[in-house]
Amino acid sequence: MAVETPVARTAQEGKFLSFVLGAEEYGLEILKVQEINGMMGITRVPRTPEYVRGVINLRGRVIPIVSLRQKFKMPAVADSEKTCIIVVQVSYQDTELTMGIIVDEVSEVLNIRADQIEPAPAFGGGMDETSHITGMGKLEDKVVILLDIDTVLNGEEIEAVVQSTN
Amino acid sequence: MSHSEIEKQVADLAQALVFVDWTDLDALEDVPTKFGDLAAMLREAGHESEAEHCGRAAAVAGQLLAEAVSSSAGQEFLTRTLDALQACLSGDCACEDAGWPEAAAPEPSGTEPEALTAEAEAEAEPASLVDDGIMAEFLARQADVMDDIEKELLAIESGESTGDSEGIKRFLHTLKGESALLDLSDVADLCHAVEDMIQADGIPAQIDCLLDVKDWFIATFRHLRDEGPAPAPLAEMIALVEASVAPVEPAEPAAAAVNEAVPEDYPVVDYAGTNVLEGDLDLVQDFIEEAVEHLDASEAHLLAIESDPKETEALNAVFRGFHTIKGLAGFIEMEHIKDLAHKAENLLDMARRDELELVGNNMDLVFESVDMMKRLVEGLAGAMGGDGKLVTEAGLPSLMARLVGATSTEAPVAAAAPAPEPEPVVPAGPAPTSGFIPLGNMQTKKKAPAAAVPPKPAPEQKATAKANAPAKMKEAMRVDAERLDHLIETIGELVIAESMVSQSPEIQTATLSVKLAKDLDHLDKICRELQEIGMSLRMVPVRPVFQKMARLVRDLAKKQNRQVEFVMSGEDTELDKNVVDKIGDPLVHMVRNSVDHGIEPDPAERVKLGKPERGRVELRALHKGGNICIEIEDDGRGLNKDAIMAKAISRGLLREGEAISDRDLFMLIFEPGFSTAREVTDISGRGVGMDVVRRNIEELRGTVDITSEPGKGSVFSIKLPLTLAIIEGMVIMVGEEHYIIPTLSVVRLIRPNREDVTHVFDKGEMLAFEGTHLPLFRLSQLFDVEGAACEPHEAMVVVVEEEGRRLGLVADQLIGQQSIVIKSLGESVQGTDGVAGGAIMSDGNVALILDVAGLLRVAHSTDTTIDMPPSRGLERSAATLDDEIEAVVVEDTPDTEEIIVAVDPETSPDAVEV
């Protein structure tokens, strides 16, 4: 049985943007997604956590870019032409932040019904590991891991960065 | 009522009492009523004496509930009563010897039982119909209720509570009903009167009176319990209550008699708790914006009037402002604002028609009205942002009363003698004899002239208006700030896009046709222009802030009885809105200091020094070399150098006899803690809140400077950047990365000679610069940039300075200097130590703006690895430093170069090879 942590929400049925990271396919609520961009020049920001790749110029706005691979502690790979930046709106505390996440490949927009969503699995003591998974979308031919991007990017690391700066 | 039914009731009750938990008051709640019922049944059945005993039991039960008697004593009394009742009813014995508990037998706390019995008898005698049990319970309950009422009233008065007026009304109504039932006609009558009063006025206006009434209730109830003396006669209370309502009723002698000294608070429409969210929010929002504008303008006009009472145009403008607010407030149904505006308008109207002069008290009243109006509007804005409930503004009723007082007493005087006295009314308001002019009358009186004299057309007066009169109004448009920011952002994008095209290698290398080259130039020019316009959109004049200062000086001077003239200039100078918003606080501190401590309190002292009696404080804003300079000058005593010196020495900031320039000495007053010291402020008279001033100004990337001459005065100059959004920056390159260093922090760019750079064992590198040694930092190491030049003499060093500390930064090359539009990096990476923000370069990439202060912090911290989250750059740079610890500098003959040799500590700890 899935352990509900206070942070993790349960996925609601609806449209999800699915993307590939390593061998798995993940899903993001489509309403969180602002746009998808190809890879572009990223300016490194020193003294930030490993997974913060830097900042980009998004049509005049400077937004931070997070590598989801590094965030999930997956081995880094070289950027390919399929590497994408998904620009997402994250609620952080009371504000909406715009951030980019780097993924290996964007696949498609999926329509996932409520009966196709299973609760996130619990891996014993690793409750924290699954806290940003809102559910597993079981489709005919694959399983999509549904992410709560708010908690992914609001981890205590970002908190720590913000804290250390204030 | 049959005998058996009563018996059954008694049995039930007895049973209930056996099982009940006597310490659980809730469980006992209905016990008094049950005894009361029983008493009634007994009386009905003709068992008079039993009924009486039962009534007593009910009273004791009531006291038990109110915790007036101990639970054990009460329990005993009640069970014994029931036992006796049962014995009586079963016919075992006569009523008299059934073993009733003695009234005094259950020895409860204090004298309660006697009092109770006595009271029961006393009440029972004249009004035998009243059940003494019910009465006792009623009285016991009231004590708690009264406490609640008092708490609620005080909360309303202090503005904590928006006023549960319904609760208080309910209470009064219940009390009225109950007391009528219990034959307490006094209480019932008073309740009725108070209800009327609340109906007419609302609670907030009548707190005092309600508290008096509450006290009277308590006294009465205490008297009923025979615990206290008889309260004041009812008639007195009723008179008091009615007197409070008097202002809206036809003038009543009693009212004047009661309130002769203090102007009674004007009955304000009960607006507390009004939910503004129920109305049209857009309308309210518009109203707030417009009202704030009018009020700010009014204040300026009033100050003009004060300095020259003949400023009729300014007076008209103030009048129009209030008139507009009145109309708008009525439109959005903010009755209290409308009322206040109306009253103020009345006063102004009389001034307009020369029926009274706007000096002294009258002027203060108008200023107070403006202030109050501001607070009301703020309250409205606050309510819009919050739960929509309006809160009570405590001073409103009294202000309204004084406004009414000023207009009503002035009227006859003015009518009789067209030239009014210069100092007319004392704040006491209306003379006791005249009383209040009923609202209705006054309105009609005012309406006629107001209607007869339409607002004077401004244009005709323009010609005669003075230069400083607000003759021309620039047309302005209100735009949503978000939309504006969006526009500015888009302009920024356009500019970048344009430069990306025109700077692109393809265009640069291609041979363009003359026409295309010309068009590109044109495009470039338009973009630049657009950028400038975009930047100016956020610029607003500093006037509103300056006006606030004018008001502050006026109030301060008045409070301290000093004569101070306030002069301002350059108030049309424009600054970024953010800067204008933030400059207010520091200015308040500095202006206050100038008036408080700068200007001599005694005019004679000034005359002795050959200065005019009237002190002078000047506030200036001017452009100075790309910056805005705001100066506050006073012609007072000047800073007391000796006192500052003494204080600095006592605080250990200076050594005895240490030479220090005047400027540096004065800057000491900005030291935190230095300012609050009484010794200095008393003697030299400067420094309150000065550290706050400096901090705020530094936040705005500005600087403060002081010049002062003893006996002649001081000048505080604040230098501010025009905008927070743009800085001049030097673009440097390290490896492949671009960084920007704010030009303000750059001292010099040098390409050091080899021998200028020395390595300090295990400390890093030093650069000999102008006779001193500066710590040298390699940005490539700090920020972990690959592919950077490895030796300083191959690269270049930027010497930067912040807060008097210097530091050399090694960069590969200088790209150039340009204006940089600062962009936030977003919350998650914002404020990283050493990085102040980002900027979009002409190629569309983001370059980081270095935060020199942060770099200095990093450089000067002894252990840079502490307090930092794990980060790439840091770990690596720390690692490199560790490596260097194991490196040894070998210096040999002058012609050999410094050579760094990595030493492997394991193999050859001492061996050094060259």
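Visitor: Are α13(B) and α14(B) roughly parallel or roughly antiparallel to each other?

Guide: Two packed helices are described by the angle between their axes and the distance between the axes. Axes are lines fitted to C-alpha atoms, for helices over the stretch in contact, and angles run from 0 to 180 degrees between N-to-C directions. Under 35 degrees counts as roughly parallel, over 145 as roughly antiparallel, 65 to 115 as roughly perpendicular and the rest as oblique. In this predicted model, the axes of α13 (residues 312-331) and α14 (residues 335-352) of chain B come within 8 Å and cross at roughly 155 degrees. α13(B) and α14(B) are therefore roughly antiparallel.

Visitor: What conventions apply to the model and its numbering?

Guide: Local features need pLDDT of at least 70 and side-chain atom pairs count only at pLDDT 80 or more, while totals for chains, interfaces and linings use all residues; side-chain values use heavy atoms, without hydrogens and water. Residues are numbered from 1 along each chain as its sequence is written, and chains are lettered from A and ligands numbered from 1 in the order in which they are written. Helices (H or I, at least four residues) and strands (E, at least two) are DSSP runs, numbered from the N terminus.

Visitor: At what angle do α12(B) and α15(B) cross?

Guide: The axes of α12 (residues 281-307) and α15 (residues 360-385) of chain B cross at roughly 160 degrees and come within 10 Å. Their contact has 19 nonpolar, 1 polar and 5 charged residues.

Visitor: In what order do the strands of the open sheet in chain B run?

Guide: Two strands pair if DSSP finds at least two bridges between them. The 5 strands have the order β2-β4-β5-β7-β6 (chain B), with mixed pairing. β2 (564-569) and β6 of chain B are the edge strands, each pairing on one side only. Between β5 (residues 627-634) and β7 of chain B, which run antiparallel, there are 8 bridges. Cys629(B) stands opposite Lys719(B) in β7(B).

Visitor: Which strands does α22(B) lie across?

Guide: α22 (residues 543-560) of chain B lies across β2, β4 (615-624) and β5 of chain B, at about 175 degrees to β2(B).

Note on methods
Ala, Val, Leu, Ile, Met, Phe, Trp, Tyr, Cys and Pro count as nonpolar, Asp, Glu, Lys and Arg as charged, and the others, Gly among them, as polar. Contact means heavy atoms within 4.5 Å.
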